[in-house]
Amino acid sequence: MAEPSSVSPENPWGGKADPTFSDNGLDPALFVESRRKGSIVSRANSIGSTSASSVPNTDDEDSDYQQEAYKETYKDRRRHAHTQAEQKRRDAIKKGYDDLQSIVPTCQQQDFSIGSQKLSKAIVLQKTIDYIQFLHKEKKKQEEEVSTLRKDVMALKIMKVNYEQIVKAHQDNPNEGKNQVSDQVKFNVFQGIMDSLFQSFNASISVTSFQELSACVFSWIEEHCKPQTLRDIVIGVLQQLKSQLY
């Protein structure tokens, strides 16, 4: 059977007496004071933790500041790189126009309409276009001349082959050309015919004006260049040449 708790001045709460108070004889009021101080300390700790939680995190602020600074630095680098690229592009364009102006001869010639003023980009481009078109025309003209020269070379080669064949035939038959007419005789016949025609031409043609010259030429052809007239002239020249040779 449990023993009844005794209440005494030394143990006012009843129950088993605290040996601390019973042994050393401390006053229970001291225990109450200590409990009160403990509650105050715990309450201060809770308030301190709450205050600590409300204090802003300075490490996060430093991190945000560093990120903002990095963004600003990145923008500055991009802006600087863009500026450099734009400057290089402008320098390349300026160098291209300077090269054109130094290469194209018409850009180097002085234009009195603009005086000593520097040529604008539009004028440099226009002069360059004109010069390129001129070069294309010259190239086409040279190509046509080269084509004509090639035809001449081909004709000369054909004439050379024919001449070699004639020489070879003459060498095979040395007596064949003895009775042939010389080139000098041929020239004398041609000269006699032309002299006779020129005499009648000079007597019939007037050079007062081009219109009158044209009319006289047609009139002379109708009168002095008939087949019968030419035949008579040729016969007369041949008879005269024959009398001179024999």
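Begin by selecting Thr128, which counts as buried because its relative accessibility is 9%, where buried means under 20% relative accessible area, exposed over 50% and partly exposed in between, with a 1.4 Å probe and protein chains only. This is a predicted model, in which local features need pLDDT of at least 70 and side-chain atom pairs count only at pLDDT 80 or more, while totals for chains, interfaces and linings use all residues. Residues are numbered from 1 along each chain as its sequence is written, and side-chain values use heavy atoms, with hydrogens and water left out.

Thr128 sits in helix α5, residues 121-172; helices (H or I, at least four residues) are DSSP runs numbered from the N terminus, as are strands (E, at least two). Now show Leu100 and Val104, the contacts of Thr128 once neighbours within four places in sequence are set aside, contact meaning heavy atoms within 4.5 Å.

Next, select residues 132-159, which an unreviewed UniProt entry annotates as "coiled-coil region", although such annotations may be inferred rather than shown by experiment. This span is 100% helix and 0% strand, and its end C-alpha atoms lie 40 Å apart.

Then move to the largest nonpolar core, which has ten residues, including Val185, Val189, Trp220 and Val237; such a core is a set of buried Ala, Val, Leu, Ile, Met, Phe, Trp, Tyr and Cys residues joined through side-chain atoms within 4.5 Å. Helices α6 (183-204), α7 (210-224) and α8 (227-245) each supply at least two residues of this core, and the largest share, four residues, comes from α6.
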